[in-house]
Amino acid sequence: MHHWRRDVIELAALFTAVAVADTVANLIGHGPDGTALLVISAVALAATAGFHTWWARRHGHAPPTGDTGARPLPQGERTGPSEQPSGTEGPMAAESTLWRMRTTVKDAPGSLAALCTALAGQRVDILSLQTHPLAEGTVDEFLLRAPGTLEGSELTRAVALAGGTDTWIERGDTHDLVDAPTRVLGLATRTALDAAELPLALRQLLGRCTIKSLPAVPVGGGRGPEGVPVEGALEDTVMRLRAPEGGVITVERPYLPFTPTEFARARALVELDARLGPRIPRSHDVLTLPEGNDITVRRADTDDVEAARAMHDRCSPRTLSLRYHGPVGDADRYLNHLLSPRFGRTLAVQTASGRIVGLGHLLWDGDETEVALLVEDAWQRRGIGAELLQRLVALAGEAGCESVYAVTQSSNTGMVAAMRGLGLPLDYQIEEGTLVITARLAPQAEQEDALGVSRAEAP
């Protein structure tokens, strides 16, 4: 449109100049004032040329910004190649924080969009989103990357203004970047390889929670736990699942209700464990003691109950009392529980002839983890207890435990020395003659360096 108007003006100016020139020529050739008219014509032509030059410079050949829809950036937002290095993503690339957040919104069109808009207003990047439909509303679970200066309270305030309720938030880490299906498949694989992984897999699946395995027949006798339906039971912050051997697995998370999706995933892991039956990795390590004897360290399970009872028969009453803190005659009753992979992991020390001479237990105790050792009298003070304890602590670190504790007596100098030999921070508590030693575990990499036990070497 602008080009067309400019061309019409130029043509009009040209035709006017030609007409004026023709008129002037006739007047000059036939009138008495020809000289004066010639000067006037020259001035008119010069003025026309000057007007054309001014017009062309003011309206260049590039189209105006209105034709392209482009708008100049506001002052302070303009960036050039030197101001924004290649490969960066702005301020959040320099410093950011991962958050895990869960909130409930109305089950109505636009609810999730309002939530996402509110997060975008805080310069928050949504890395993953899972939705859990409920009878009333929908629970949305986010993994967020937010500016490092943004506090969790600011996030929850923005979410509340966008319609989110019952919001829960906590710091995330790099492990949360793995998408949910991949994480669940990894946990299923671990469970398939080792029955002792089931409680750990449930804890990693559901976050901070307390998991208790209650046997159908208690070790000390008496009445077992209340039965649970085959499909399990979900009650807000508590889920109860039927254990593969007939007992009950109880999972509690008081700070955050379980969703039906979480319940279904947990039930699927338990069903997988039940179908596969008892199983443990069959790897083993052969070690040489200082005096030259070869011993084998391997995982043990309920198939080793008879061999463990035979070791009990060879142990002195004092050794058994230091280990079980009660009547020596009751020691055999605990073996089925202690050797079951449902309740923890057990390492056995075996001689070249196949005789078990030492047992080390790593037992899941709700939120805590207990370690316990028993070494036959004739094989004590040869480093077997220390070797077992180091390996158990390595297993606890792999399982994500933050600490382990041992219950013993102050007179059990062997156990006390083994705990001190770990080189980890220790806490001591004495109650009515019973000594409880708690070791705070270092991160896994530091444990391997300190203990000299790698993941590949652990049985």
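Visitor: Which residues does Leu389 touch, leaving aside residues up to four places away in sequence?
Guide: In this predicted model, Leu389 is in contact with Val371, Leu373, Ala418, Met419 and Leu422.

Visitor: What is the largest nonpolar core made of?
Guide: The largest nonpolar core has 35 residues. Those with the most contacts inside it are Leu362, Val371, Ile384, Leu389, Val404 and Met419. Several elements supply at least two residues each, including strand E12 (356-365), strand E13 (368-375), helix H13 (384-398) and helix H14 (413-420).

Visitor: Which element gives the most to this core?
Guide: Helix H13 does, with seven residues. Apart from this core lies another, of 19 residues, among them Leu241, Ile249, Ala266 and Leu269.

Visitor: Back to H14, then. Which of its residues are buried?
Guide: Met415, Val416, Ala418 and Met419 are buried in H14. Viewed down the helix axis, the buried residues of H14 fall within an arc of 160°, so they line one face of the helix.

Visitor: What do they pack against?
Guide: The buried residues of H14 pack against E13, H13, E14, strand E15 (426-431) and E16. The face of H14 turned away from that buried side carries the exposed residues Thr413 and Arg420.

Visitor: New topic: what is the strand order in the open sheet of four strands?
Guide: The order is E5-E8-E7-E6, with antiparallel pairing. Strand E5 (210-214) and strand E6 (233-235) are the edge strands, each pairing on one side only. From one strand to the next, the twist averages 15°.

Visitor: How many bridges join E5 and E8?
Guide: E5 and strand E8 (residues 248-252) pair over five bridges. Within this pairing, Thr210 has Glu252 in E8 as its bridge partner.

Visitor: Which helix packs on the sheet?
Guide: Helix H9 (residues 260-276) does, touching E6, strand E7 (238-242) and E8. The direction of H9 makes about 25° with that of E7.

Visitor: And how many aromatic pairs are there in the whole structure?
Guide: A search finds one aromatic pair. The ring centres of Trp168 and Tyr255 are 6.0 Å apart and the planes are at 40°, so the pair is tilted. The pair links distant parts of the chain, with Trp168 in strand E4 (residues 165-171) and Tyr255 in the loop between E8 and H9, 87 residues apart.

Visitor: Is Trp168 buried or exposed?
Guide: Trp168 is buried, with a relative accessible area of 12%. Tyr255, at 31% relative accessibility, counts as partly exposed.

Methods: Residues numbered from 1 in each chain as written. Predicted model: local features only at pLDDT ≥ 70, side-chain atom pairs only at ≥ 80, totals over all residues. Heavy atoms only, no water. Core = buried A, V, L, I, M, F, W, Y, C linked by side-chain atoms within 4.5 Å. Buried < 20%, exposed > 50% of the residue type's maximum accessible area, 1.4 Å probe, protein only. Contact = heavy atoms within 4.5 Å. Pairing = 2+ DSSP bridges. Axes fitted to C-alpha atoms, helices over the stretch in contact; angles between N-to-C directions. Arc of directions from axis to C-beta. Phe/Tyr/Trp six-rings, centres within 6.5 Å; stacked < 30°, edge-to-face > 60°.
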